[in-house]
Amino acid sequence: GDGRENISVIKSNVLPGFSMQTTLGPPQDAAEKLLSTTIAPQGSNKQASLIRAVEREADGSYVFEFIVQGIDSKGRAFEAHNLSVIAFRPRDNSLFTMTFLCI
């Protein structure tokens, strides 16, 4: 394969008092921060474009849809359409980030 993952799941422990809205901000702000600091930071040779960022009413999780373009480790250009779901589980202060490669 080309080394790209089809799915990534990360579980992080967060401090008591964490909330999606207060700690991360509204979905649009949280998505833009994720893209600019983690997905395509300055100097990474990647560019990320946010398609949409929404909060699911059912559970308060955030859904981000975005495209990442750049150059892979072998010098080849790539474009990846991604969908991320960010969910908080208060009972054990866990934050889950699940990112799916859609193409």
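The chain holds 2 helices and 5 strands. Helices (H or I, at least four residues) and strands (E, at least two) are DSSP runs, numbered from the N terminus. From that end, the elements run β-α-α-β-β-β-β. This is a predicted model, in which local features need pLDDT of at least 70, side-chain atom pairs count only at pLDDT 80 or more, and totals for chains, interfaces and linings use all residues. Residues are numbered from 1 along each chain as its sequence is written, and side-chain values use heavy atoms, with hydrogens and water left out.

Start with the sheet. The 5 strands form an open sheet in the order β1-β5-β4-β3-β2, with antiparallel pairing. The edges are β1 (7–13) and β2 (46–55), each of which pairs on one side only. Neighbouring strands are turned by 20° against each other on average, direction ignored. Two strands pair if DSSP finds at least two bridges between them. Strands of a sheet pair through backbone hydrogen bonds, either parallel or antiparallel.

Now follow β3 into β4. Strand β3 (residues 62–71) and strand β4 (residues 77–89) run antiparallel and are joined by 10 bridges. Ile71 has Ala77 of β4 as its bridge partner. Gly70 stands opposite Phe78 in β4. The two strands form a hairpin with 5 residues between them. In that turn, Gly75 has a positive phi of about 85°.

The next hairpin is made by β4 and β5, with 4 residues between them. Here 8 bridges join the antiparallel strands. Phe88 stands opposite Leu95 in β5. Asn93 lies in the loop between β4 and β5 (94–101). Its phi is positive, near 50°, in a residue other than glycine. Asn93 is partly exposed, with a relative accessible area of 21%. Buried means under 20% relative accessible area, exposed over 50%, and partly exposed in between (1.4 Å probe, protein chains only).

Asn45 also has a positive phi, about 65°, although it is not a glycine. Asn45 sits in the loop between α2 and β2. At 60% relative accessibility, Asn45 counts as exposed.

Next, look at the helix over the sheet. Helix α2 (residues 27–39) lies across β2 and β3, running at about 155° to β2. Axes are lines fitted to C-alpha atoms, for helices over the stretch in contact, and angles run from 0 to 180 degrees between N-to-C directions. Contact means heavy atoms within 4.5 Å.

The loop between β2 and β3 holds Gly60. Is Gly60 buried or exposed? Gly60 is buried, with a relative accessible area of 18%. Leaving aside neighbours within four places in sequence, Gly60 is in contact with Met20 and Glu55. Gly60 and Ile86 are 26 residues apart along the chain, and their C-alpha atoms are separated by 9.2 Å.

Finally, step back to the whole chain. Its C-alpha atoms fill a box of roughly 45 × 25 × 25 Å, taken along the principal axes. Of the 103 residues, 32% are buried. Among contacts between residues at least 6 apart in sequence, 42% join residues at least 24 apart. The chain exposes about 6,700 Å², and carbon and sulfur atoms supply 51% of it. Accessible areas come from the Shrake-Rupley method with a 1.4 Å probe; for residues, only the protein chains shown count as cover.
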